[in-house]
Amino acid sequence: MASEDVKNVAPQGTQWHVFAAFGTLKGGRADWLIEKCTELGASSVTPLLTERSPSITENRVDRLHRVILAAVKQCQRLHEMTLNPPMKLCSFLPLVSQSELSFLAAAGATPLIDILSCSSREASGVMIVGPEGDFTEEEVKLMSKSGATPIGLGPHRLRAETATITLLSALMLWSNSQKLELH
């Protein structure tokens, strides 16, 4: 097929932007997280640099780009997921303030299901997951003050990649059901 035959199709549904502190994940767990975010339909993933996850190597970022390309092909996505450069929390806070929907995975917070039942669908949203060992109290306060809604993902402490996939799966299902209700 010639390049002029290719059609650019606009994404459907809510575009979820994932901000996750996963720089310290080892043993292929970051690859798995990125692969599953791609398969589930995340619009973008941004490695979040926090006090407990302070860095991610350039080699890791290059590898994650390759993982995205393979996952896009495997799941036949029409749109490539964007892997944004790592971002420090202080640079991230204005994005939270500007977003209509911002959900922050936080231990002990109101369950996600309760929060979603009184939330309205928007064109895009931000989901935030902390590092192994969670965000510091100060980081949670800063994000909440910027407009992120703390949400609980159940009674068990989840690994960063499990929390990310759990939250993204729930938000994708919720936003798709909201779309169906609007028709």
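Select C90 to start: this cysteine counts as exposed, at 59% relative accessibility (exposed is over 50% relative accessible area, buried under 20%, partly exposed in between, with a 1.4 Å probe and protein chains only). The model is predicted, so local features need pLDDT of at least 70 and side-chain atom pairs count only at pLDDT 80 or more, while totals for chains, interfaces and linings use all residues. Residues are numbered from 1 along each chain as its sequence is written, and side-chain values use heavy atoms, with hydrogens and water left out.

A search of the whole structure finds 0 disulfides, a disulfide being a pair of cysteine sulfur atoms within 2.5 Å.

Now select residues 58-75, helix α2. Helices here are DSSP runs of H or I with at least four residues, strands are runs of E with at least two, and both are numbered from the N terminus. α2 has 18 residues and reaches 26 Å from its first C-alpha to its last, close to the 26 Å expected at 1.5 Å a residue; the expected span is 1.5 Å times one less than the number of residues.

Which residues of α2 are buried? They are V61, L64, V67, I68, A71 and V72. These cover an arc of only 135 degrees around the axis, so they sit on the same side of α2; the arc is that of the directions from the helix axis to the C-beta atoms. An α-helix has 3.6 residues a turn, so residues three or four places apart point the same way.

Turn to the face of α2 away from its buried side and pick out the exposed residues N59, R66, K73 and Q74. On the buried side, the cover includes α1 (29-40) and β3 (82-83).

Move to α1, which has 12 residues and reaches 16 Å from first C-alpha to last, close to the 16 Å expected. Its buried residues are A30, D31, L33, I34, C37 and T38. They cover an arc of only 160 degrees around the axis, which puts them on the same side of α1. G41 follows α1, and its phi is positive, near 100 degrees.

Finish at A109, in the loop between β5 (102-105) and α4 (112-116). A109 is partly exposed, at 21% relative accessible area. Show its contacts (heavy atoms within 4.5 Å): A109 touches P150, I151 and G152, not counting residues up to four places away in sequence. The C-alpha atoms of A109 and P150 are separated by 5.8 Å, though the two residues are 41 residues apart along the chain.
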